[in-house]
Amino acid sequence: MSKSVVPVNLSEKLSQFSEVWSQKKVAVLNDYEVKLAKLKGEFVWHTHEDTDELFLVISGRLTIQLSDGDVVLAPGELFVVPRGVEHCPVADEETAILLFEPAGTLNTGDAGGPMTKAAEILN
């Protein structure tokens with residue numbers, strides 16, 4: 001069976017890594033990347049000026065801090081942070097998420113700094 005007709009098993013992909021705040025690319029759709037990440041602790045306040053960002057919680061619980069209030073996501077829930085909106089993801093417990101955003105989007109948006117990492121391809 002060719003790779004293009006093999007489904008992506010998210011649980012299997014998540015079992016292949018343990019580091020937090022490190023995005024893993026698992027699929028490409030047109031000019032968008034589907035990425036997995038494990039989160040724990042607080043990230044960095046940042047903005048993506050040119051794109052929305054979709055967060056889908058697979059396991060755990062994610063709080064997305066926004067200037068006008070927090071959004072709390074449980075497994076199976078998603079939230080789209082609109083372009084240009086400053087936000088800061090926080091996970092009090094280890095949380096697995098799926099991200100959907102344009103290829104090449106930096107995880108720290110406009111903030112830069114030591115937490116900036118390019119997404120790695122996960123085979």
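View 1. E33 is buried, with a relative accessible area of 8% (buried means under 20%, exposed over 50% and partly exposed in between, using a 1.4 Å probe and protein chains only). This is a predicted model, in which local features need pLDDT of at least 70 and side-chain atom pairs count only at pLDDT 80 or more, while totals for chains, interfaces and linings use all residues. Residues are numbered from 1 along each chain as its sequence is written, and side-chain values use heavy atoms, leaving out hydrogens and water. E33 forms a salt bridge with K35, their closest N and O atoms being 3.7 Å apart (a side-chain nitrogen of Lys or Arg within 4 Å of a carboxyl oxygen of Asp or Glu). K35 is buried too, at 0%. Through shared partners, salt bridges join K25, E33, K35 and E101 into one network. Here K25 meets E33 at 3.1 Å, N to O.

View 2. The side chains of K24 and E19 meet in a salt bridge at 2.5 Å, N to O. K24 counts as buried at 3% relative accessibility, whereas E19 is partly exposed at 33%. K24 also lies over the face of F17, 5.5 Å from the ring centre (NZ of Lys or CZ of Arg within 6 Å of the ring centre and within 35 degrees of the ring normal). K38 lies over the face of F17 as well, at 5.0 Å from the ring centre.

**View 3. Two aromatic pairs.** The count of aromatic pairs comes to two (ring centres of Phe, Tyr and Trp, the last by its six-membered ring, within 6.5 Å; planes under 30 degrees apart are stacked, over 60 edge-to-face, the rest tilted). W21 and F43 are stacked, 4.7 Å centre to centre with 20° between the planes. Both W21 and F43 are buried. Y32 and F100 are also stacked, with centres 5.0 Å apart and planes at 15°. Because Y32 lies in strand β2 and F100 in strand β7, this pair ties together parts 68 residues apart in sequence (strands are DSSP runs of E, at least two residues, numbered from the N terminus).

**View 4. The largest nonpolar core.** Of its 15 residues, L39, F55, L62, I64, L73 and I97 touch the most other members (a core is a set of buried Ala, Val, Leu, Ile, Met, Phe, Trp, Tyr and Cys joined through side-chain atoms within 4.5 Å). A second, separate core of eight residues includes V34, L36, L98 and L122.

Note on methods:
Helices (H or I, at least four residues) and strands (E, at least two) are DSSP runs, numbered from the N terminus.
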